Amino acid sequence: MATKKKSNTLKLKFDTAWPYAPAPESRSAAQIKDRYELFINGEWQAPLSKKYFGTINPATEEKLSEVAMANAADVDKAVKAARNAYEKTWRKISAKERAKYIFRIARIIQEKARELAIIETLDGGKPIRESRDFDVPTAANHFFYYAGWADKLEYAFLNKKAEPLGVAGQIIPWNFPLLMAAWKIAPALATGNTVVLKPAETTPLTALKLAEIIQEADLPPGVVNILTGAGETGAAIVNHPDINKIAFTGSTDVGKIIQRAVAGTNKRVTLELGGKAANIIFEDAPLDQAVEGVINGIFFNQGHVCCAGSRLYVQESVAKQVIRKLKDRMESLIVGDPLDKNTDIGAINSKQQLATINKYLQIGRSEGAEMYESACKLPNKGFWCRPTIFTNVAQSNRIAQEEIFGPVLSILTFRTDDEVIEKANNSPYGLSAGVWTDKGSKIFNMTKRMRAGVIWANTFNKFDPTSPFGGYKESGFGREGGLHGLLPYVELKNI
Ligand code: NAI
Ligand code: MG
(Lines give C-alpha, C1' and ligand atoms only; values in the text may rest on other atoms or scores of the structure.)
(Ligands and ions follow the chains in the order given, each with its own letter.)
Protein backbone atom coordinates (compact mmCIF):
# COMPACT_ATOMS: atom_id res chain seq x y z
CA MET A 1 0.00 0.00 0.00
CA ALA A 2 2.77 2.37 0.97
CA THR A 3 4.38 1.86 -2.42
CA LYS A 4 1.25 2.84 -4.27
CA LYS A 5 0.72 5.95 -2.23
CA LYS A 6 4.24 7.20 -2.79
CA SER A 7 4.10 6.80 -6.52
CA ASN A 8 0.77 8.61 -6.78
CA THR A 9 2.13 11.55 -4.84
CA LEU A 10 5.12 11.80 -7.09
CA LYS A 11 3.05 11.56 -10.24
CA LEU A 12 0.80 14.35 -9.04
CA LYS A 13 3.83 16.50 -8.38
CA PHE A 14 5.20 16.05 -11.87
CA ASP A 15 1.86 16.46 -13.59
CA THR A 16 0.91 19.67 -11.85
CA ALA A 17 3.78 21.38 -10.11
CA TRP A 18 6.51 20.84 -12.70
CA PRO A 19 5.01 21.06 -16.14
CA TYR A 20 7.91 21.76 -18.46
CA ALA A 21 7.12 24.18 -21.26
CA PRO A 22 8.20 22.68 -24.58
CA ALA A 23 11.72 23.77 -25.59
CA PRO A 24 12.12 22.44 -29.11
CA GLU A 25 15.37 22.76 -31.03
CA SER A 26 14.86 24.52 -34.34
CA ARG A 27 14.58 22.23 -37.30
CA SER A 28 15.51 25.03 -39.66
CA ALA A 29 19.13 24.92 -38.46
CA ALA A 30 19.52 21.65 -40.35
CA GLN A 31 19.99 21.51 -44.09
CA ILE A 32 18.75 18.26 -45.55
CA LYS A 33 18.70 17.81 -49.33
CA ASP A 34 15.73 16.18 -51.02
CA ARG A 35 18.01 13.57 -52.52
CA TYR A 36 21.52 12.22 -51.89
CA GLU A 37 23.75 10.36 -54.33
CA LEU A 38 26.64 8.05 -53.42
CA PHE A 39 29.91 9.51 -52.17
CA ILE A 40 32.58 7.81 -54.30
CA ASN A 41 36.08 9.06 -55.10
CA GLY A 42 35.43 12.41 -53.45
CA GLU A 43 32.35 13.16 -55.58
CA TRP A 44 28.60 12.66 -55.44
CA GLN A 45 27.80 10.00 -58.02
CA ALA A 46 24.40 8.75 -59.17
CA PRO A 47 23.96 5.05 -58.37
CA LEU A 48 24.48 2.53 -61.19
CA SER A 49 21.45 0.77 -59.70
CA LYS A 50 19.37 3.90 -60.56
CA LYS A 51 17.44 3.19 -57.35
CA TYR A 52 16.69 5.37 -54.34
CA PHE A 53 14.88 4.82 -51.05
CA GLY A 54 13.35 7.14 -48.48
CA THR A 55 14.46 7.81 -44.93
CA ILE A 56 11.83 8.99 -42.46
CA ASN A 57 11.64 10.71 -39.11
CA PRO A 58 10.40 7.91 -36.82
CA ALA A 59 8.79 10.46 -34.47
CA THR A 60 6.44 11.77 -37.18
CA GLU A 61 6.71 9.24 -40.04
CA GLU A 62 7.47 12.22 -42.31
CA LYS A 63 9.86 11.53 -45.19
CA LEU A 64 13.08 13.51 -44.73
CA SER A 65 14.97 12.71 -47.90
CA GLU A 66 15.74 9.97 -50.36
CA VAL A 67 19.10 8.33 -50.71
CA ALA A 68 20.76 6.14 -53.32
CA MET A 69 20.59 2.35 -53.09
CA ALA A 70 24.05 1.08 -53.94
CA ASN A 71 24.24 -2.29 -55.72
CA ALA A 72 27.22 -4.61 -56.25
CA ALA A 73 28.45 -2.55 -59.22
CA ASP A 74 28.40 0.62 -57.10
CA VAL A 75 30.29 -1.19 -54.36
CA ASP A 76 32.86 -2.30 -56.93
CA LYS A 77 33.29 1.29 -58.10
CA ALA A 78 33.81 2.49 -54.52
CA VAL A 79 36.29 -0.30 -53.71
CA LYS A 80 38.30 0.58 -56.85
CA ALA A 81 38.38 4.24 -55.78
CA ALA A 82 39.48 3.22 -52.27
CA ARG A 83 42.19 0.90 -53.63
CA ASN A 84 43.49 3.58 -55.97
CA ALA A 85 43.59 6.17 -53.16
CA TYR A 86 45.35 3.66 -50.91
CA GLU A 87 48.08 2.83 -53.44
CA LYS A 88 48.60 6.30 -54.90
CA THR A 89 48.14 8.69 -52.00
CA TRP A 90 47.07 7.62 -48.55
CA ARG A 91 49.71 5.00 -47.79
CA LYS A 92 52.40 7.25 -49.25
CA ILE A 93 51.81 10.58 -47.55
CA SER A 94 53.50 11.14 -44.23
CA ALA A 95 51.74 10.13 -41.03
CA LYS A 96 51.82 13.77 -39.94
CA GLU A 97 49.86 14.75 -43.06
CA ARG A 98 47.31 12.02 -42.39
CA ALA A 99 46.90 13.36 -38.87
CA LYS A 100 46.17 16.86 -40.19
CA TYR A 101 43.30 15.62 -42.31
CA ILE A 102 41.80 13.68 -39.40
CA PHE A 103 42.12 16.71 -37.10
CA ARG A 104 40.36 18.77 -39.74
CA ILE A 105 37.41 16.35 -39.79
CA ALA A 106 37.17 16.61 -35.98
CA ARG A 107 37.21 20.40 -36.11
CA ILE A 108 34.53 20.61 -38.79
CA ILE A 109 32.32 18.19 -36.82
CA GLN A 110 32.62 20.60 -33.88
CA GLU A 111 31.75 23.58 -36.08
CA LYS A 112 28.67 21.80 -37.42
CA ALA A 113 27.75 20.16 -34.12
CA ARG A 114 24.35 21.74 -33.80
CA GLU A 115 23.24 20.80 -37.31
CA LEU A 116 24.59 17.25 -36.95
CA ALA A 117 22.73 16.79 -33.67
CA ILE A 118 19.44 17.97 -35.16
CA ILE A 119 19.80 15.68 -38.17
CA GLU A 120 20.73 12.72 -35.97
CA THR A 121 17.61 13.30 -33.91
CA LEU A 122 15.34 13.79 -36.93
CA ASP A 123 16.55 10.72 -38.78
CA GLY A 124 16.84 8.30 -35.87
CA GLY A 125 14.40 9.47 -33.17
CA LYS A 126 16.86 9.93 -30.29
CA PRO A 127 16.41 12.89 -27.92
CA ILE A 128 18.28 16.03 -28.97
CA ARG A 129 19.90 16.16 -25.53
CA GLU A 130 21.65 12.90 -26.32
CA SER A 131 22.69 13.68 -29.86
CA ARG A 132 23.84 17.14 -28.77
CA ASP A 133 25.63 16.15 -25.55
CA PHE A 134 26.79 12.64 -26.33
CA ASP A 135 26.78 11.43 -29.95
CA VAL A 136 28.22 14.43 -31.74
CA PRO A 137 30.90 15.51 -29.23
CA THR A 138 32.00 11.89 -28.73
CA ALA A 139 32.26 11.46 -32.52
CA ALA A 140 34.47 14.58 -32.76
CA ASN A 141 36.56 13.32 -29.82
CA HIS A 142 37.15 10.04 -31.60
CA PHE A 143 38.61 11.81 -34.62
CA PHE A 144 40.75 14.02 -32.36
CA TYR A 145 42.01 11.02 -30.42
CA TYR A 146 42.98 8.92 -33.45
CA ALA A 147 44.47 11.94 -35.24
CA GLY A 148 46.87 12.01 -32.30
CA TRP A 149 47.93 8.39 -32.87
CA ALA A 150 48.54 8.71 -36.64
CA ASP A 151 52.19 9.77 -36.33
CA LYS A 152 52.90 7.88 -33.11
CA LEU A 153 52.24 4.29 -34.15
CA GLU A 154 55.82 3.32 -33.30
CA TYR A 155 54.98 4.16 -29.68
CA ALA A 156 51.71 2.23 -29.81
CA PHE A 157 53.51 -0.91 -30.98
CA LEU A 158 57.02 -0.93 -29.55
CA ASN A 159 59.71 -2.67 -31.61
CA LYS A 160 57.21 -3.31 -34.40
CA LYS A 161 56.38 -1.62 -37.63
CA ALA A 162 52.63 -1.14 -38.05
CA GLU A 163 51.60 -1.39 -41.69
CA PRO A 164 48.10 -0.65 -42.98
CA LEU A 165 45.96 -3.49 -44.34
CA GLY A 166 44.55 -1.73 -47.41
CA VAL A 167 40.83 -1.16 -48.01
CA ALA A 168 38.45 -1.48 -45.05
CA GLY A 169 34.75 -2.27 -45.60
CA GLN A 170 32.73 -0.93 -42.69
CA ILE A 171 29.05 -1.60 -41.96
CA ILE A 172 27.30 0.22 -39.16
CA PRO A 173 23.90 0.17 -37.40
CA TRP A 174 21.19 2.73 -36.69
CA ASN A 175 21.52 3.28 -32.96
CA PHE A 176 24.53 5.68 -32.97
CA PRO A 177 24.85 6.55 -36.66
CA LEU A 178 27.47 9.33 -36.61
CA LEU A 179 29.34 7.95 -33.62
CA MET A 180 29.63 4.49 -35.16
CA ALA A 181 30.92 6.06 -38.38
CA ALA A 182 33.57 7.88 -36.30
CA TRP A 183 34.49 4.68 -34.41
CA LYS A 184 35.06 2.94 -37.72
CA ILE A 185 36.63 5.63 -39.90
CA ALA A 186 39.01 7.36 -37.46
CA PRO A 187 41.28 4.40 -36.55
CA ALA A 188 41.25 3.13 -40.15
CA LEU A 189 42.51 6.48 -41.48
CA ALA A 190 45.02 6.97 -38.67
CA THR A 191 46.69 3.68 -39.54
CA GLY A 192 46.81 4.44 -43.28
CA ASN A 193 43.85 2.42 -44.59
CA THR A 194 41.15 3.65 -46.94
CA VAL A 195 37.46 3.11 -46.37
CA VAL A 196 34.15 2.06 -47.91
CA LEU A 197 31.44 2.66 -45.28
CA LYS A 198 27.76 1.79 -45.32
CA PRO A 199 25.38 3.40 -42.83
CA ALA A 200 22.13 1.68 -41.79
CA GLU A 201 19.10 2.11 -44.03
CA THR A 202 16.96 3.96 -41.46
CA THR A 203 19.66 6.48 -40.48
CA PRO A 204 21.85 7.42 -43.46
CA LEU A 205 21.76 11.21 -43.14
CA THR A 206 24.56 12.03 -40.69
CA ALA A 207 26.95 9.70 -42.55
CA LEU A 208 26.12 11.67 -45.72
CA LYS A 209 26.75 14.92 -43.82
CA LEU A 210 30.06 13.40 -42.76
CA ALA A 211 30.82 12.85 -46.46
CA GLU A 212 30.27 16.59 -46.98
CA ILE A 213 32.63 17.27 -44.07
CA ILE A 214 35.24 14.94 -45.56
CA GLN A 215 34.95 16.87 -48.84
CA GLU A 216 35.34 20.14 -46.97
CA ALA A 217 38.38 18.78 -45.12
CA ASP A 218 39.86 18.18 -48.59
CA LEU A 219 40.76 14.54 -48.08
CA PRO A 220 42.32 13.02 -51.20
CA PRO A 221 39.54 11.53 -53.39
CA GLY A 222 38.69 7.91 -52.63
CA VAL A 223 40.18 7.78 -49.13
CA VAL A 224 36.65 7.63 -47.66
CA ASN A 225 33.69 6.43 -49.73
CA ILE A 226 30.19 6.36 -48.29
CA LEU A 227 27.54 4.13 -49.82
CA THR A 228 23.93 4.06 -48.73
CA GLY A 229 21.84 0.93 -49.09
CA ALA A 230 20.38 -2.02 -47.18
CA GLY A 231 21.48 -5.56 -46.32
CA GLU A 232 22.33 -6.46 -49.91
CA THR A 233 24.70 -3.51 -50.18
CA GLY A 234 26.35 -4.63 -46.94
CA ALA A 235 26.67 -8.18 -48.30
CA ALA A 236 28.26 -6.84 -51.52
CA ILE A 237 30.88 -5.08 -49.39
CA VAL A 238 31.53 -8.20 -47.30
CA ASN A 239 31.90 -10.36 -50.42
CA HIS A 240 34.01 -7.99 -52.51
CA PRO A 241 37.33 -9.76 -53.24
CA ASP A 242 39.47 -6.62 -53.05
CA ILE A 243 38.60 -5.68 -49.48
CA ASN A 244 41.18 -6.48 -46.81
CA LYS A 245 39.19 -5.90 -43.66
CA ILE A 246 35.57 -5.97 -42.58
CA ALA A 247 34.41 -4.09 -39.49
CA PHE A 248 30.77 -4.65 -38.54
CA THR A 249 28.48 -3.49 -35.75
CA GLY A 250 24.92 -4.83 -35.70
CA SER A 251 22.87 -7.92 -34.99
CA THR A 252 24.36 -11.27 -33.99
CA ASP A 253 22.51 -12.94 -36.87
CA VAL A 254 24.16 -10.76 -39.51
CA GLY A 255 27.49 -11.06 -37.64
CA LYS A 256 27.31 -14.83 -38.07
CA ILE A 257 26.51 -14.48 -41.80
CA ILE A 258 29.56 -12.22 -42.18
CA GLN A 259 31.83 -14.59 -40.33
CA ARG A 260 30.76 -17.43 -42.59
CA ALA A 261 31.25 -15.26 -45.69
CA VAL A 262 34.83 -14.30 -44.83
CA ALA A 263 35.90 -17.78 -43.68
CA GLY A 264 38.64 -19.05 -45.97
CA THR A 265 39.46 -15.58 -47.35
CA ASN A 266 42.33 -13.34 -46.32
CA LYS A 267 39.96 -10.73 -44.96
CA ARG A 268 40.40 -9.65 -41.39
CA VAL A 269 37.20 -9.15 -39.48
CA THR A 270 35.97 -7.53 -36.27
CA LEU A 271 32.38 -7.89 -35.08
CA GLU A 272 30.57 -5.89 -32.44
CA LEU A 273 27.23 -7.58 -31.89
CA GLY A 274 24.48 -7.65 -29.30
CA GLY A 275 24.39 -7.71 -25.54
CA LYS A 276 22.28 -8.44 -22.48
CA ALA A 277 24.17 -6.55 -19.83
CA ALA A 278 23.70 -7.40 -16.16
CA ASN A 279 23.48 -4.41 -13.85
CA ILE A 280 24.01 -5.62 -10.29
CA ILE A 281 22.89 -3.73 -7.19
CA PHE A 282 24.20 -4.88 -3.81
CA GLU A 283 22.40 -3.96 -0.60
CA ASP A 284 25.23 -1.64 0.47
CA ALA A 285 25.04 0.45 -2.73
CA PRO A 286 23.97 4.10 -2.67
CA LEU A 287 20.48 3.20 -3.85
CA ASP A 288 19.33 6.52 -5.31
CA GLN A 289 22.48 6.78 -7.35
CA ALA A 290 22.11 3.16 -8.45
CA VAL A 291 18.50 3.70 -9.51
CA GLU A 292 19.54 6.72 -11.57
CA GLY A 293 22.27 4.60 -13.17
CA VAL A 294 19.84 1.79 -13.96
CA ILE A 295 17.40 4.28 -15.52
CA ASN A 296 20.19 5.71 -17.63
CA GLY A 297 21.48 2.23 -18.45
CA ILE A 298 18.25 0.96 -19.97
CA PHE A 299 16.22 3.97 -21.05
CA PHE A 300 19.09 5.99 -22.54
CA ASN A 301 18.55 6.14 -26.32
CA GLN A 302 15.27 4.14 -25.99
CA GLY A 303 17.30 1.08 -25.00
CA HIS A 304 18.71 0.96 -28.56
CA VAL A 305 22.11 0.29 -27.08
CA CYS A 306 24.08 -2.92 -27.42
CA CYS A 307 25.58 -2.39 -23.96
CA ALA A 308 22.23 -1.36 -22.36
CA GLY A 309 21.79 -2.59 -18.79
CA SER A 310 18.79 -4.70 -19.76
CA ARG A 311 19.02 -7.23 -16.90
CA LEU A 312 18.89 -5.88 -13.39
CA TYR A 313 20.00 -8.10 -10.50
CA VAL A 314 19.06 -6.65 -7.12
CA GLN A 315 20.07 -8.13 -3.79
CA GLU A 316 16.92 -9.54 -2.25
CA SER A 317 17.07 -7.44 0.95
CA VAL A 318 16.71 -4.17 -1.02
CA ALA A 319 14.70 -5.42 -3.99
CA LYS A 320 11.36 -4.00 -2.86
CA GLN A 321 12.88 -0.61 -2.13
CA VAL A 322 14.77 -0.46 -5.44
CA ILE A 323 11.73 -1.46 -7.48
CA ARG A 324 9.62 1.22 -5.79
CA LYS A 325 12.26 3.87 -6.47
CA LEU A 326 12.55 2.72 -10.08
CA LYS A 327 8.80 2.96 -10.64
CA ASP A 328 8.69 6.43 -9.12
CA ARG A 329 11.55 7.61 -11.29
CA MET A 330 9.99 6.07 -14.42
CA GLU A 331 6.88 8.17 -13.89
CA SER A 332 8.94 11.33 -14.12
CA LEU A 333 10.57 10.43 -17.46
CA ILE A 334 9.39 12.57 -20.35
CA VAL A 335 8.57 10.60 -23.49
CA GLY A 336 7.86 12.47 -26.71
CA ASP A 337 9.18 14.93 -29.27
CA PRO A 338 12.87 14.06 -29.69
CA LEU A 339 13.66 17.63 -30.73
CA ASP A 340 12.42 18.94 -27.37
CA LYS A 341 15.33 19.55 -25.01
CA ASN A 342 13.27 18.25 -22.06
CA THR A 343 12.69 14.85 -23.62
CA ASP A 344 14.24 11.83 -21.90
CA ILE A 345 12.97 9.10 -24.20
CA GLY A 346 12.48 9.65 -27.92
CA ALA A 347 10.98 7.59 -30.71
CA ILE A 348 11.72 3.93 -31.45
CA ASN A 349 13.95 3.88 -34.52
CA SER A 350 11.63 2.02 -36.90
CA LYS A 351 8.28 0.30 -37.20
CA GLN A 352 10.14 -2.98 -37.45
CA GLN A 353 12.07 -2.42 -34.22
CA LEU A 354 8.85 -1.41 -32.45
CA ALA A 355 7.27 -4.67 -33.60
CA THR A 356 10.27 -6.59 -32.17
CA ILE A 357 9.93 -4.80 -28.82
CA ASN A 358 6.17 -5.40 -28.69
CA LYS A 359 6.76 -9.06 -29.46
CA TYR A 360 9.02 -9.27 -26.39
CA LEU A 361 6.48 -7.46 -24.19
CA GLN A 362 4.03 -10.17 -25.18
CA ILE A 363 6.58 -12.93 -24.55
CA GLY A 364 7.37 -11.49 -21.11
CA ARG A 365 3.71 -11.49 -20.10
CA SER A 366 3.12 -14.98 -21.41
CA GLU A 367 6.17 -16.24 -19.51
CA GLY A 368 4.44 -15.10 -16.32
CA ALA A 369 6.52 -12.00 -15.56
CA GLU A 370 4.78 -8.95 -14.17
CA MET A 371 4.88 -5.92 -16.45
CA TYR A 372 4.85 -2.29 -15.30
CA GLU A 373 4.95 0.59 -17.73
CA SER A 374 4.97 4.28 -16.97
CA ALA A 375 1.63 6.04 -17.35
CA CYS A 376 2.85 8.66 -19.84
CA LYS A 377 0.84 9.70 -22.89
CA LEU A 378 2.30 8.79 -26.27
CA PRO A 379 2.09 10.90 -29.44
CA ASN A 380 -0.42 9.73 -32.06
CA LYS A 381 1.99 9.42 -34.94
CA GLY A 382 5.38 7.77 -35.02
CA PHE A 383 6.81 4.76 -33.18
CA TRP A 384 6.78 4.82 -29.39
CA CYS A 385 7.25 2.59 -26.40
CA ARG A 386 6.69 3.48 -22.75
CA PRO A 387 9.53 2.77 -20.34
CA THR A 388 8.75 -0.72 -19.08
CA ILE A 389 10.01 -3.05 -16.37
CA PHE A 390 9.32 -6.71 -15.75
CA THR A 391 9.46 -8.16 -12.24
CA ASN A 392 9.04 -11.79 -11.22
CA VAL A 393 11.39 -12.81 -14.01
CA ALA A 394 13.14 -16.20 -14.07
CA GLN A 395 16.69 -16.61 -15.29
CA SER A 396 15.53 -18.95 -18.06
CA ASN A 397 12.86 -16.56 -19.39
CA ARG A 398 13.45 -15.26 -22.90
CA ILE A 399 13.18 -11.68 -21.65
CA ALA A 400 16.19 -12.42 -19.41
CA GLN A 401 18.20 -14.13 -22.14
CA GLU A 402 17.51 -12.39 -25.46
CA GLU A 403 18.33 -8.90 -26.65
CA ILE A 404 15.17 -6.75 -26.82
CA PHE A 405 16.86 -3.49 -27.88
CA GLY A 406 14.14 -1.30 -26.43
CA PRO A 407 13.30 0.53 -23.17
CA VAL A 408 12.48 -2.71 -21.38
CA LEU A 409 14.17 -3.89 -18.18
CA SER A 410 14.00 -7.41 -16.71
CA ILE A 411 14.48 -7.46 -12.94
CA LEU A 412 15.77 -10.50 -11.05
CA THR A 413 16.95 -10.94 -7.48
CA PHE A 414 19.88 -12.69 -5.78
CA ARG A 415 21.26 -13.43 -2.31
CA THR A 416 25.00 -14.11 -2.61
CA ASP A 417 27.97 -12.98 -4.71
CA ASP A 418 28.48 -16.45 -6.17
CA GLU A 419 24.84 -16.70 -7.17
CA VAL A 420 24.78 -13.38 -8.98
CA ILE A 421 28.04 -14.04 -10.81
CA GLU A 422 26.70 -17.33 -12.05
CA LYS A 423 23.45 -15.71 -13.17
CA ALA A 424 25.12 -12.69 -14.75
CA ASN A 425 27.51 -14.90 -16.71
CA ASN A 426 24.71 -17.23 -17.77
CA SER A 427 24.10 -15.47 -21.08
CA PRO A 428 25.17 -16.04 -24.66
CA TYR A 429 26.39 -12.44 -24.61
CA GLY A 430 29.20 -10.66 -22.78
CA LEU A 431 29.51 -7.08 -23.88
CA SER A 432 29.09 -5.02 -20.73
CA ALA A 433 27.94 -5.07 -17.11
CA GLY A 434 27.53 -2.82 -14.09
CA VAL A 435 28.20 -3.24 -10.38
CA TRP A 436 26.79 -1.00 -7.65
CA THR A 437 28.31 -1.34 -4.19
CA ASP A 438 29.96 0.79 -1.56
CA LYS A 439 32.79 -1.72 -1.18
CA GLY A 440 35.86 -1.37 -3.39
CA SER A 441 37.05 -4.94 -2.80
CA LYS A 442 33.70 -6.26 -3.96
CA ILE A 443 33.99 -4.30 -7.18
CA PHE A 444 37.37 -5.90 -7.93
CA ASN A 445 36.14 -9.36 -6.99
CA MET A 446 33.09 -9.04 -9.24
CA THR A 447 34.83 -7.51 -12.24
CA LYS A 448 37.49 -10.23 -12.17
CA ARG A 449 34.92 -12.99 -12.32
CA MET A 450 32.42 -11.52 -14.75
CA ARG A 451 32.71 -12.32 -18.43
CA ALA A 452 32.00 -8.98 -20.08
CA GLY A 453 34.17 -6.67 -22.16
CA VAL A 454 33.33 -3.52 -20.23
CA ILE A 455 32.27 -3.36 -16.58
CA TRP A 456 31.18 -0.09 -15.05
CA ALA A 457 31.31 0.36 -11.28
CA ASN A 458 28.86 2.78 -9.63
CA THR A 459 28.12 4.31 -13.02
CA PHE A 460 26.86 3.12 -16.39
CA ASN A 461 27.16 3.84 -20.13
CA LYS A 462 30.26 5.98 -19.84
CA PHE A 463 32.39 6.27 -22.96
CA ASP A 464 35.71 7.74 -23.80
CA PRO A 465 37.78 7.43 -26.98
CA THR A 466 40.79 6.34 -24.94
CA SER A 467 39.18 3.19 -23.53
CA PRO A 468 38.63 0.04 -25.55
CA PHE A 469 35.16 -1.41 -26.10
CA GLY A 470 34.14 -4.87 -27.30
CA GLY A 471 32.68 -8.20 -26.27
CA TYR A 472 33.03 -11.78 -25.13
CA LYS A 473 31.15 -14.76 -26.59
CA GLU A 474 28.32 -13.93 -29.01
CA SER A 475 28.82 -10.21 -28.43
CA GLY A 476 31.64 -10.41 -30.97
CA PHE A 477 35.39 -9.93 -31.05
CA GLY A 478 37.93 -7.20 -31.63
CA ARG A 479 38.14 -3.93 -29.75
CA GLU A 480 37.27 -0.41 -30.79
CA GLY A 481 38.55 2.69 -29.03
CA GLY A 482 41.85 3.33 -27.31
CA LEU A 483 45.17 1.92 -28.33
CA HIS A 484 43.47 -1.47 -28.78
CA GLY A 485 41.31 0.03 -31.52
CA LEU A 486 44.35 0.51 -33.76
CA LEU A 487 45.26 -3.16 -33.79
CA PRO A 488 42.46 -4.46 -36.06
CA TYR A 489 43.68 -2.08 -38.81
CA VAL A 490 47.39 -2.96 -38.87
CA GLU A 491 49.79 -5.71 -39.80
CA LEU A 492 52.64 -5.77 -37.26
CA LYS A 493 56.13 -6.54 -38.51
CA ASN A 494 59.21 -7.12 -36.37
CA ILE A 495 61.96 -4.57 -36.86
P1 NAI B 1 21.24 -5.57 -38.77
O2 NAI B 1 22.36 -6.36 -38.21
O3 NAI B 1 20.41 -6.17 -39.85
O4 NAI B 1 21.81 -4.17 -39.36
C5 NAI B 1 23.08 -3.62 -39.08
C6 NAI B 1 23.76 -3.23 -40.39
O7 NAI B 1 24.06 -4.40 -41.16
C8 NAI B 1 22.93 -2.33 -41.30
O9 NAI B 1 23.76 -1.40 -41.92
C10 NAI B 1 22.39 -3.32 -42.32
O11 NAI B 1 22.06 -2.73 -43.57
C12 NAI B 1 23.56 -4.27 -42.48
N13 NAI B 1 23.24 -5.60 -42.99
C14 NAI B 1 22.06 -6.27 -42.92
N15 NAI B 1 22.18 -7.49 -43.48
C16 NAI B 1 23.46 -7.60 -43.92
C17 NAI B 1 24.21 -8.64 -44.56
N18 NAI B 1 23.65 -9.82 -44.88
N19 NAI B 1 25.51 -8.42 -44.84
C20 NAI B 1 26.09 -7.25 -44.50
N21 NAI B 1 25.44 -6.24 -43.90
C22 NAI B 1 24.14 -6.41 -43.61
O23 NAI B 1 20.34 -5.11 -37.57
P24 NAI B 1 18.75 -4.74 -37.59
O25 NAI B 1 18.00 -5.73 -38.40
O26 NAI B 1 18.63 -3.34 -37.96
O27 NAI B 1 18.38 -4.94 -36.06
C28 NAI B 1 18.03 -6.22 -35.56
C29 NAI B 1 18.50 -6.44 -34.15
O30 NAI B 1 19.91 -6.38 -34.10
C31 NAI B 1 18.05 -5.39 -33.16
O32 NAI B 1 16.78 -5.66 -32.68
C33 NAI B 1 19.12 -5.49 -32.10
O34 NAI B 1 18.79 -6.54 -31.23
C35 NAI B 1 20.36 -5.86 -32.88
N36 NAI B 1 21.23 -4.69 -33.15
C37 NAI B 1 22.39 -4.56 -32.44
C38 NAI B 1 23.19 -3.45 -32.63
C39 NAI B 1 24.45 -3.26 -31.88
O40 NAI B 1 24.86 -2.12 -31.68
N41 NAI B 1 25.15 -4.30 -31.48
C42 NAI B 1 22.81 -2.37 -33.54
C43 NAI B 1 21.60 -2.63 -34.29
C44 NAI B 1 20.85 -3.74 -34.06
MG1 MG C 1 15.35 7.75 -40.69
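**Ground rules.** I worked with a predicted model, where local features need pLDDT of at least 70, side-chain atom pairs count only at pLDDT 80 or more, and totals for chains, interfaces and linings use all residues. Residues are numbered from 1 along each chain as its sequence is written, chains are lettered from A and ligands numbered from 1 in the order in which they are written, and side-chain values use heavy atoms, with hydrogens and water left out.

**Metal site.** I looked up the magnesium ion (ligand 2). Its donors are T55 (OG1), I56 (O), D123 (O), D123 (OD) and T202 (O), at 2.2 to 2.5 Å. I took donors as N, O and S atoms within 2.8 Å of the metal (3.2 Å for Na, K and Ca); water is not among the atoms, so sites may look incomplete. The donor residues follow the spacing T-I-x66-D-x78-T. I56 lies in strand β4 (residues 52-57), and T202 lies 146 residues away, in the loop between β8 (194-198) and α8 (205-216). Helices (H or I, at least four residues) and strands (E, at least two) are DSSP runs, numbered from the N terminus. I56 is partly exposed, because its relative accessibility is 31%. T202 is also partly exposed, at 23%. Buried means under 20% relative accessible area, exposed over 50%, partly exposed in between (1.4 Å probe, protein chains only).

**Helix α12.** I checked residues 316-331 next. The 16 residues of α12 reach 23 Å from first C-alpha to last, close to the 22 Å expected at 1.5 Å a residue. The expected span is 1.5 Å times one less than the number of residues. Buried residues of α12 include V318, V322, K325, D328 and E331.

**I389.** I found this residue in strand β15 (residues 388-391). I389 counts as buried because its relative accessibility is 1%. Among its contacts are F299, K327, M330, Y372 and L409, leaving out residues up to four places away in sequence. Contact means heavy atoms within 4.5 Å.

**Positive phi.** Which residue in the loop between α11 (287-299) and β13 (311-315) did I note? It was Q302. Q302 is not a glycine, yet has a positive phi of about 60°. Q302 is buried, at 0% relative accessibility. N461 also is not a glycine and has a positive phi of about 55°. N461 sits in the loop between β19 (454-457) and β20 (472-473). At 7% relative accessibility, N461 is buried.
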